[in-house]
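Subject: Structure for you to look at

Hello,

Here is the structure I said I would pass on. My notes on it follow below.

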Amino acid sequence: MRRFFLVAAIVALAAGTSALLAIWHLDVIAKWTIHRMFPGVVAEMGSLRLVSATQLEVRKLELRAAKTHEPLLALENGSVVFSFVRVWRAQLETVTLLGPDLAISPDLGDALGLQSSKSSTATGSSGFPWAIAHVVVGDGRLRIARFGEQSPTIELHFTADFQNFGVGGEAATVEHVAHLDHIAAFDKNGRRLIDIADADLRFTTEELFTRDHLRAARIGDGSITLTQSLLDFFVPKPQAKTASLAGVPDAPGWSVGALDLEGMHVLVPDAPG
């Protein structure tokens, strides 16, 4: 009996020591988790607080692309619910992002382990699958830039409530809906090209990230100024190296399965007449 109590005390002491070490090194654990989920991302964070044994609260989180150090995410407040078993499998229970600033650029694909199926060497899927059971985004801000010398900069606000969000496996084929607000685009001289009140998008991560495809889009009231730089962004000119063996270039640009336009005004500068 004495041996039993001695073993129990040793186990309890070890567990307590492990818990204290975990609390003292939350930043190390958090950075390891992010690297485990997204090998192409490096993280810097202000403060962390362990709300419970499986919930972590973070303030002032910044994610950058490991190769280029370009910013991908800046976050003031957020929380993560996890289990160590699922983290090892690159899975999280719940991620809540409050007021995040997200950036989409050519660095994002490498950072998330994605490669477009339109490239000559792509497989059309993620090299390292990951999944988050529940993603909630409140008052998010998104910036799309650096896709070419003449590429416009697109800025918008968005909210989201995604179930089983991720890449690879079953998560890649789950359909999601995102609501966008205050959508604007500017050319390199600061001229406004897009001014749209709101929009709703339906997509899967596999189609969006690797095929540049949206299943459906509803675009609210607004205006679009069709310039060559805007056209080149959505429908880039095919490059000679992307031609197939039959000599026919791959289909470039974005595609939408179903498009619903509500009161859009289109301006074509210098149009005849």
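Strands here are DSSP runs of E of at least two residues, numbered from the N terminus. The model is a predicted one. On that numbering, H176 belongs to strand β8, which covers residues 176–186.

H176 has a relative accessibility of 3%, so it counts as buried; the cut-off for that is under 20%. Its side chain comes to 3.4 Å from the backbone oxygen of V174. Leaving aside residues up to four places away in sequence, H176 is in contact with F162, Q163, N164, F165, L201, R202, F203 and T205.

Several of those names come back among the aromatic residues: W130, F162, F165 and F203 make up one aromatic cluster. Over the whole structure, the search gives three aromatic pairs. One of them is W130 with F165, a tilted pair with 6.1 Å between centres and 55° between planes. W130 sits in strand β6 (residues 130–144) and F165 in strand β7 (residues 153–167), so this pair links parts 35 residues apart in sequence. Both W130 and F165 are buried.

How are the rings of F162 and F165 arranged? Their centres are 5.0 Å apart and their planes meet at 15°, so the pair is stacked; the limit for stacking is under 30 degrees. F162 is buried, as is F165.

Regards

Technical notes
Residues are numbered from 1 along each chain as its sequence is written. This is a predicted model: local features need pLDDT of at least 70, side-chain atom pairs count only at pLDDT 80 or more; totals for chains, interfaces and linings use all residues. Side-chain values use heavy atoms; hydrogens and water are left out. Helices (H or I, at least four residues) and strands (E, at least two) are DSSP runs, numbered from the N terminus. Buried means under 20% relative accessible area, exposed over 50%, partly exposed in between (1.4 Å probe, protein chains only). A polar contact is a pair of N or O atoms within 3.5 Å; within protein, one must be able to donate a hydrogen and the other to accept it, and residues adjacent in sequence count only if both atoms are side-chain atoms. Contact means heavy atoms within 4.5 Å. Rings of Phe, Tyr and Trp (its six-membered ring) pair if their centres lie within 6.5 Å; planes under 30 degrees apart count as stacked, over 60 as edge-to-face and the rest as tilted.
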